Amino acid sequence: MTEPALVVPALEVDGLGVVYGGVPAVRNVSLSVRAGEIVGLIGPNGAGKSTTLHAIMGLVPARAGDVRIGGISVRGRSPETIARQGVALVPEGRRLFGELTVAENLELGLAGRRRNGAGGDDLGAVYELFPILADFRARAAGELSGGQQQQLAIARALVAQPTVLLLDEPSLGLAPVVVDLVFSTLQEIRERGLAILLVEQRAQRTVVLADRTYVLANGELRLELTPADAADTDRMVAAYLS
Amino acid sequence: MKAILASGLTDFLSDAVDLQVQVDAIGLGAVFALMAVGIGLVFGVLRLVNFAYGQLIMAGAFALAFASDRGWPVVVGIALCFAVVIVLSLVMERAVFRPLRGQSPAVMLIATFAVAFLLQSIALLWFGSLGKTAASLTELNRPFSVGSVEIRKIAIVAIVTAAVCLALLVLLLNRTSIGLHMRAAALDFQTARLLGVRANRVSAVAVLIAGVLASIVAVLLTVQFPTVTPTFALRETITVLAGVVVGGMTRLLPATLGGFTIGYVSGLLGGALPTAQSQYLPSFVFGLVILVLLVRPGGLFTRGVPLQERV
Amino acid sequence: MNRQAALQLGAPAGLIVGAALLGALVSRSTEIYFINALVAVSMVVALYVFVGNSGVLSFGHISFVAVGVWAAGVLSVPEQEKPAFMPYLFGFLSDTTVGNVPSLVIAGLVAAAFALVVGLPLMRLSGLAAGIATFAVLEITNNILRYYEKIGPGLNTFSSVPETTDLAQAAIGALVVVVVAFAYQRSRFGRQLRATREDPAAARAVGISIYRQRLGAFVLSGFLAGLAGGLYVHFLPINVDAVYLDLTFITLAMLVIGGTTSLWGAVVGALAVSGLDSALANAENGLELFGRTLEVPAGTRIIVVSALMALVLVLRPRGLTGGREFSLARIAGLTRRKRAQEVAS
């Protein structure tokens, strides 16, 4: 059902360089994600995966390189501007507004819609995808379980009807059963034509799920893996240790 | 010695229970509550203590004096007051607050301190230290009788105004999308931004609302204190600041309660205690501020949430 | 002490001496501005010793100056003059009179003791909380000094205090403060404190007690501020409002404009802003410019200083000196290259 990829990728990262706390955290990272694709980004702790996402989102300044959304450069723009360009980030640790209700958390996602009125203020589509949230809509977000919170975080990102979805370690702290649910949700979202960049710790599962997975170590891209490589343990280990 | 104390206490209590004193004290509490909201709202959204808030009120009061000097109708004076304070607030936001966004709270504190002195010295230059009189609304300062008690109209006006403003604000924060954006920004600014909440807009609206409140306070205060000098409302602002810190800086409700309480208590003590005893009152109040900061930095009326520095 | 260190001390000391010499050359009436500037240097450097090294804001330092003013003032007024404006003094205060230098030392010690009492609870605080708490200290001190007439003149102005702070005393005082500040920042304690400013977690990890280092600096800077207060009261007739908000603001402004994190910045800021302030004060009396008299209205000074402070904070938050100590290499133009390298790395 997905359209064939357009000429211009939904997300392009081109020679990105980021300096964080005085050290180069990301060096010359280039990748692209097309609509209807999941691209994985794995690597050891401190490799610069989160920093890459933050740079795309405009939360940290890019020292070098460019970031393009649908061909339009967003380098140097504010996070809210980039959000309105159609990029949504599900941050590490989810960063929900615990005191606000589920409905209010979702309503906040509306702020990222490009045109107020495209699809109206209805959250129906999102409630369809995550029925459990509909049941909990008047509850405070902090009362939800870990897995439910992750769903809320993703739902909140989707409310903005983005073209690009960035996820920072969504499986963190979740039970394997819940991780299954999250990952299958991502597949569904891929079916709907979003371009997804998934940063993860769980290397194996990510490589299986994603169309392509990159390994980031010490701020540099080292390796590109496909689902076929998932079985090749040596290659995976080598990628991490290099 | 004990007899003196005892009789002093009885005098104080009997004075305090007096309806007139009560109403006046609640009226003062109401005004202080509005100021507390102005300070607390800006702090919540921008994580910035606006030391220059008192000077905004002063500017509004001078606008009123300016208008009354020229014999303009009261409505025009009030409109001018609002215009001046709102414009000044927005200029401050644009020129000082926004460029300093993300800097350490210490830097922001000093910056607003500088703005406060700047405004005060401009006022000194323009109007001189003797000040001007805003004589327009003084009939509100006159009392009317309820049974055997005399109550000043302004006290009632202040209470009603404050109640209405607070109700409107609660509606705004809870039922509108900009209100939701502001609440989210106060909780987690960075995450709010990456959801698409416009930092500049939220910042400006918070400052705007604080400015409107400052204008209202200017009108209410000039009724009771028609002489406007460059230090107009300075003492009150510092007192409210103490009240907000003690009540709880990070949340709007505790901050407002703190402001109201300190206003109410000041009103009671001012009305019921001879000046000799109340000389060292500031020391007690500020001693309490230090105590709260050390022991319960989130404030007395909160659940113990500490002052968080924004990243 | 190596050459670089000698320069770092020599430059601010040199400025002080230079200012003093300049002041000796001008007329009596203008000399006052120079003395004022040098006393300001003492106050600003005292403030710097704490704020610059710890990175913690203190709005309350002028209360130490005030305590110094009170201590030195009350004790230096000749016995027969005291009852004129301080009729309710404690017995031991009204009976004692000390000389010039002892009064300065006592001022410093009393202020240091006060700083210790204040610092013990407060040094646990940082950032905004510290700013507000120290502001509260300022308010409390002002309140007490204003009304507690057993320890001083209360609302009255100090008079009959021997005016011993001439150009020489002000300069020597400033030099003493600068040398002490320099010795402190070069010492192990100073360096440890600076480490806590740069990276508190790392400092704690190597066993530095943030609380203790801050307390030490706070007490030391309290001593120096008290000393400055002593110099001040021997210079001008002071009342309780002269050591309150306005002085707090201008001292802070001097430090911020000069550069909060260096001794050089503190001295430069104090002298530059004093110079500007004095020039404007002079202008307020009528300025002769190109043969025409310019009327600069009273109060312009604070407007200019506060506008300047706001401008510096927004455009160049590290101050005129960039928060760095004096260095010849910088002057030689190697600055630009060095800064470019630092930015790139």
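These legends describe close-up views of a predicted model. Residues are numbered from 1 along each chain as its sequence is written, chains are lettered from A and ligands numbered from 1 in the order in which they are written. Local features need pLDDT of at least 70 and side-chain atom pairs count only at pLDDT 80 or more, while totals for chains, interfaces and linings use all residues.

**View 1. Strand β7 of chain A and its burial.** Helices (H or I, at least four residues) and strands (E, at least two) are DSSP runs, numbered from the N terminus. A residue is buried if 20 or more other C-beta atoms lie within 10 Å of its own, exposed if 12 or fewer, and partly exposed in between, with C-beta atoms placed from the backbone. Strand β7(A) (residues 164-168) has five of its five residues buried, so it is largely enclosed by the rest of the structure. In a regular strand the side chains alternate between the two faces of the sheet. V164(A), L166(A) and D168(A) point one way from β7(A), and L165(A) and L167(A) point the other way.

**View 2. The partners of β7(A).** Two strands pair if DSSP finds at least two bridges between them. Strand β6(A) (residues 87-90) pairs with β7(A) in the parallel sense over four bridges, and L89(A) stands opposite L166(A). Strand β8(A) (residues 195-200) runs parallel to β7(A) and is joined to it by five bridges; here L197(A) is the bridge partner of L166(A).

**View 3. L166(A) and its contacts.** Two residues are in contact if their C-beta atoms, placed from the backbone, lie within 7 Å. Leaving aside neighbours within four places in sequence, L166(A) is in contact with residues including L53(A), I56(A), M57(A) and V87(A).

**View 4. Where chain B meets chain C.** In this view, 35 residues of chain B are in contact with 31 residues of chain C. Helix α5(B) gives the largest share of chain B's side, 15 residues. That side divides into 28 nonpolar, six polar and one charged residue. Ala, Val, Leu, Ile, Met, Phe, Trp, Tyr, Cys and Pro count as nonpolar, Asp, Glu, Lys and Arg as charged, and the others, Gly among them, as polar.

**View 5. Where chain B meets chain A.** Here 15 residues of chain B are in contact with 20 residues of chain A. Helix α7(B) supplies the largest share of chain B's side, five residues. By class, this side has seven nonpolar, four polar and four charged residues.
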